[in-house]
Amino acid sequence: MDEKTLKKGEKYYKAGKVLWVVKYGDRLFSKVLGTYPYYVEINTSNGENHCTCPLGGDCKHVAAVMKAHENGFYFETFDEHAELFPEAVAMEFLAEVPELALDVTIKELRFALNTDESGSEVARLFRRAVLLLKTLDRPEVLHILEETLEEYRHVFKDYRLTERLEKEFMKLRSG
């Protein structure tokens, strides 16, 4: 991989675009926020890699995951399901660390707000954030959710789902 791509990957990593990395044996699996969410797989023993971006691999998304791994940002698992369902394994790890789960959810939520044309993914992530906030003391996140809800309401004003999300948020806010 050329130096320019490695530098772009480092910027992605430092910007928090690598949501999670699962290490299973000599393989890394990850989700990276680029133009769209991309999934990366790297074999650390031979450098072979794949990415769901248009380049297919040897890209800034792969470089970002390599940087994350170098910096110890990964979950190690011995669960053989990691090869087929790395995101499910990552979610299991995140469920054990609600603070980190909330941070990842907020990153995904903000990203989805700009890319989700149906509103479905935003609603799913919003609901997850609300559920996580019920168990955490993170009042600063309420402001983020309120802004998200305002934008969602603006785009999807005719959705009944918007009303339901508003009710869930108000219930959370009132305590």
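F93 is partly exposed, with a relative accessible area of 25%, where buried stands for under 20% relative accessible area, exposed for over 50%, and partly exposed for values in between, computed with a 1.4 Å probe on protein chains only. This is a predicted model, in which local features need pLDDT of at least 70 and side-chain atom pairs count only at pLDDT 80 or more, while totals for chains, interfaces and linings use all residues. Residues are numbered from 1 along each chain as its sequence is written, and side-chain values use heavy atoms, with hydrogens and water left out.

A search of the whole structure finds five aromatic pairs, a pair being two rings of Phe, Tyr or Trp (its six-membered ring) whose centres lie within 6.5 Å, with planes under 30 degrees apart counted as stacked, over 60 as edge-to-face and the rest as tilted. The rings of F75 and F93 have centres 4.8 Å apart and planes at 0 degrees, so this pair is stacked. F75 belongs to strand β5 (residues 75-77) and F93 to helix α3 (residues 86-96), so the pair ties together parts that are 18 residues apart in sequence; helices (H or I, at least four residues) and strands (E, at least two) are DSSP runs, numbered from the N terminus. F75 itself is buried, at a relative accessible area of 17%. Elsewhere, Y152, F156 and Y159 form one aromatic cluster.

## K23 in strand β1

K23 is found in strand β1 (residues 18-24) and counts as buried, with 15% relative accessibility. When its neighbours within four places in sequence are left aside, K23 is in contact (heavy atoms within 4.5 Å) with L28, H69, Y74, F75, E76 and T77. One of these contacts, F75, is also the residue whose ring is stacked with that of F93.

## Helices α1 and α2

Two packed helices are described by the angle between their axes and the distance between the axes. The axes of helix α1 (residues 3-14) and helix α2 (residues 60-70) come within 7 Å and cross at roughly 60 degrees, which makes α1 oblique to α2. Here the axes are lines fitted to C-alpha atoms, for helices over the stretch in contact, and the angles run from 0 to 180 degrees between N-to-C directions; angles under 35 degrees count as roughly parallel, over 145 as roughly antiparallel, 65 to 115 as roughly perpendicular and the rest as oblique. The crossing of α1 with α2 is right-handed, a crossing being right-handed if the near helix is turned clockwise from the far one by less than a right angle, and left-handed if anticlockwise.

On the α1 side the contact involves T5, L6, K8, G9, E10, Y12 and Y13, and these meet K60, H61, A63, A64, M66, K67 and A68 in α2. The residues of this contact divide into seven nonpolar, three polar and four charged, with Ala, Val, Leu, Ile, Met, Phe, Trp, Tyr, Cys and Pro counted as nonpolar, Asp, Glu, Lys and Arg as charged, and the others, Gly among them, as polar.

K67, which is found in helix α2, is partly exposed, with a relative accessible area of 21%. Beyond its neighbours within four places in sequence, K67 is in contact with E10 and Y13. K67 and V18 are 49 residues apart in sequence, and their C-alpha atoms are 9.6 Å apart in space. D58 lies in the loop between β4 (49-51) and α2, and has a positive phi of about 45 degrees although it is not a glycine.

## Helices α4 and α5

Helix α4 (residues 98-115) and helix α5 (residues 120-133) pack at an angle of about 155 degrees, with their axes 9 Å apart, which makes α4 roughly antiparallel to α5. Their crossing is left-handed. From α4 the contact draws on P98, A101, L102, T105, I106, E108, L109, A112 and L113, and from α5 on E121, V122, L125, F126, R128, A129, L132 and L133. These residues divide into 13 nonpolar, one polar and three charged.

A123 has its place in helix α5 and is buried, with a relative accessible area of 5%. Not counting residues up to four places away in sequence, A123 touches Y152, L161 and L165, and Y152 is one of the residues of the aromatic cluster. T135, by contrast, lies in the loop between α5 and α6 (139-155) and is exposed, with a relative accessible area of 60%. T135 and L100 are 35 residues apart in sequence and 13 Å apart in space, C-alpha to C-alpha.
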